[in-house]
Amino acid sequence: MTRCNGGDGGVDGGDDDDDDGDDVPLDDDGDGVDFPLEGISRRIPARRELFSLWCSSRRGGCNPSDDEVQRDGGVDGGDDDDDDGDDVPLDDDGDGAISPEGNFWRIPARRALFSGVLRPAEADVTLTDALDSRTLLDGSPFSTKGAYLHIQSQLLDPGVMPIWQSKVPRKVKVFGWLLHLNRLNTRANMLRKHIIDSALCPRCKTQVEDRAHLFFTCPFSAAIWRQLRITPSTPDFPGFWHTQLPNHLPRSIWNSIALIILWKIWDARNAKVFRDSDITATLTVTNIVSDFTLWSHRFRQAEIRVDADLWRNHLSTCTL
């Protein structure tokens, strides 16, 4: 509850002639003139509060108490004439001038900044006249690509590396990443989330449709792998990437081939679930060859193109 103190008074803490520095006029229109109301000038005790809020947001916290505020000094550690380097004037408008009437604020920031940040950083640097040399931790010349690859090799799960290093479109990479994390909406996962009441495979209707069943052990998926003449080493990741391949097929682009196969199995499954469309194993293999041919331009190196041609010939014979 506020109260007025007479014709020239105002709100408690306003223009109360006690020289405590806490009276700030309320300037509604921003012209620098107090707002008059029938001879009563409205004022609010805001200077210290506004400054405390400003310090908290701009300086990481600076809330001076009454005994720290001095009419001609400022915050303790301010302009204290001890030449200790810790007095820094607060220049609100950036013009390099201190607030008028000797009423300015100072904060003990210079010493803290130099001691806490600059001095430790300076200790790790040896300045010479030689040209700058930027290298990675392994001693190789610095490059953005090299730094990215180094960070990637340190942070990523090794089982995910074949996915991100493949040459398939990004949507297929994201699909492979979700598959690796077992975050695809298989019926087993949706049952666990209480979205559906049954987790049975929509094709065979005898087994739970989890990741391993959907992509490897379901009769439909197993028929596709047999037709491709590839036997997955394990129905799980990351062991799947070490599947034994036919001797005449190179492993250099196996990660891309595998993601395309898994992608088309997932596509055929969704066609069954959402459109009630039964896509046969042979048609799925044909779609695998089609997508691989469509995306083969992504293999740009000459030796990789040769490997891609070998895979294309193999996959094409599997559709016969």
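What follows takes some of these words in turn and sets each against its definition.

Mentor: A word about the source comes first: this is a predicted model, in which local features need pLDDT of at least 70 and side-chain atom pairs count only at pLDDT 80 or more, while totals for chains, interfaces and linings use all residues. Residues are numbered from 1 along each chain as its sequence is written, and side-chain values use heavy atoms, with hydrogens and water left out.

Trainee: What makes α8 largely enclosed by the rest of the structure?

Mentor: Helices are DSSP runs of H or I with at least four residues, numbered from the N terminus, and α8 covers residues 219-228. Buried means under 20% relative accessible area, exposed over 50% and partly exposed in between, with a 1.4 Å probe and protein chains only. Seven of the 10 residues of α8 are buried, so the helix counts as largely enclosed; among them are Phe220, Ile224, Trp225 and Leu228. The cover over these buried residues includes α7, α9, α10 and α11.

Trainee: Why is α8 called oblique to α10?

Mentor: Axes are lines fitted to C-alpha atoms, for helices over the stretch in contact, and angles run from 0 to 180 degrees between N-to-C directions. The axes of α8 and α10 (residues 281-295) come within 9 Å and cross at roughly 55°. Angles under 35 degrees count as roughly parallel, over 145 as roughly antiparallel, 65 to 115 as roughly perpendicular and the rest as oblique, and that makes α8 oblique to α10. Contact means heavy atoms within 4.5 Å, and the residues that make it include Phe220, Ala223 and Ile224 of α8 and Val285 and Ile288 of α10.

Trainee: How do you know that α5 and α9 are roughly perpendicular to each other?

Mentor: Helices α5 and α9 pack at an angle of about 80°, with their axes 10 Å apart, and this angle therefore makes them roughly perpendicular. On the side of α5 the contact includes Val172, Phe175 and Leu179, and on the side of α9 it includes Leu262, Trp263 and Trp266.

Trainee: What makes a set of residues a nonpolar core?

Mentor: The set must consist of buried Ala, Val, Leu, Ile, Met, Phe, Trp, Tyr and Cys residues joined through side-chain atoms within 4.5 Å. The largest such core here has 48 residues, and those with the most contacts inside it are Phe215, Trp254 and Trp311. Among the elements that give two or more residues to this core are α5 (170-180), α9 (254-275) and α11 (302-317), and the largest share, 12 residues, comes from α9. Leaving aside neighbours within four places in sequence, the contacts of Trp311 include Leu245, Pro250, Trp254 and Phe292.

Trainee: Why is Asp197 counted as exposed, and why is Asn182 called partly exposed?

Mentor: Asp197, in the loop between α6 (187-192) and α7, has 80% relative accessibility and therefore counts as exposed. Asn182, in the loop between α5 and α6, has a relative accessible area of 28%, so the word for Asn182 is partly exposed.

Trainee: What is said about the phi of Asn182?

Mentor: Most residues other than glycine have a negative phi. Asn182 has a positive phi of about 60° although it is not a glycine, and His194, in the loop between α6 and α7, has a positive phi of about 65°.
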